Amino acid sequence: MLILDPFEDHCWQDVVDDELLEIYRSYHRPLHVGPRPAVLLVDLYELAYQGGARPVRDVIREHPSSAGIHAHRAIEPTQRLLAMARERQFPVFYSTSAPDPAGATLRQDSSYRAEWYDIRKELTPRHGDRVILKERASCFFGTPLITHLTRLQVDTLVICGQSTSGCVRATAVDAYSYGLHAVVVEDCTFDRSELSHKVSLFDLHHKYADVFTVAQLEKALPAL
């Protein structure tokens, strides 16, 4: 399928047909990044990278929470995103899961190890970055994130991480609900399922967020 409309020039081209594109055409609009953005990296902890850069169907035999090759492919573009943010001194936030006092995650994983929820070493937070501990899908639910963003007068939240269909989606919808402009970075976001990844990005792009590739974001940011 040949897509000429730049609004639809994204990874979902091979799973969305012309009829569905026509149904959603009324959602087309100019994309933008507001003048006071912050960047949020959702759940980029070691658990998602276990088993290495291999197909998900192979790594999940030993590491059922891993996103395999999809997680590892997103490392380099996410490093580019972080470099842009830090060069421009945008606030940078991370999230990771908060364990309960019994030493297990809230999903009652009896094999829990604290180091699995450390941020991936290539994407390590720096001094001044903020790490949000969360217990549910959205980075906003039960956390001080919106307080930090309000204090910093942030108007746009640039979101990446995992999983696209889970915590990224929940966070983007809550950002929209709080009146923030949500931007999701396509190639810095991943899921264990490519279908879920693409359909979730398509749905977010047409309802709650502007989806950019990191290259598109690089072109948009100099205008700020």
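A residue counts as buried when its relative accessible area is under 20%. By that cut-off, 50% of the 224 residues of this protein are buried. The model is a predicted one. This briefing covers the overall build of the protein and then its second largest pocket.

**Fold and dimensions**
- The protein contains eight helices and six strands.
- Read from the N terminus, these elements follow the order α-β-α-α-α-β-β-α-β-α-β-α-β-α.
- The radius of gyration is 17 Å, close to the 17 Å given by the globule rule for 224 residues, so the protein is as compact as a globular protein of that length.
- The C-alpha trace spans about 50 × 40 × 30 Å along the principal axes of the protein.

**Contacts and surface**
- Among contacts in the protein with a separation of 6 or more, 75% are between residues 24 or more positions apart.

**Second largest pocket**
- The volume of the second largest pocket is about 170 Å³.
- Its lining consists of Cys11, His70, Arg73, Ala74, Glu186, Asp187, Thr189, Phe190, Glu194 and His197.
- Two or more lining residues come from each of helix H3 (68-73), strand E5 (181-190) and helix H7 (194-207).
- Strand E5 supplies the largest share of the lining, with four residues.
- By residue type, the lining of this pocket has four charged, three polar and three nonpolar residues.

Terms used
Residues are numbered from 1 along each chain as its sequence is written. This is a predicted model: local features need pLDDT of at least 70, side-chain atom pairs count only at pLDDT 80 or more; totals for chains, interfaces and linings use all residues. Side-chain values use heavy atoms; hydrogens and water are left out. On a 1 Å grid over the protein atoms alone, a cavity is a set of points where a 1.4 Å probe fits but cannot get out, and a pocket is an open set with protein on both sides within 12 Å along at least five of seven lines; lining residues have an atom within 4 Å of a point. Grid points are joined across faces, edges and corners, and a volume is the space filled by probe spheres set on the points. Ala, Val, Leu, Ile, Met, Phe, Trp, Tyr, Cys and Pro count as nonpolar, Asp, Glu, Lys and Arg as charged, and the others, Gly among them, as polar. The radius of gyration is taken over C-alpha atoms; the globule rule is 2.2 Å times the number of residues to the power 0.38. Buried means under 20% relative accessible area, exposed over 50%, partly exposed in between (1.4 Å probe, protein chains only). Contact means heavy atoms within 4.5 Å.
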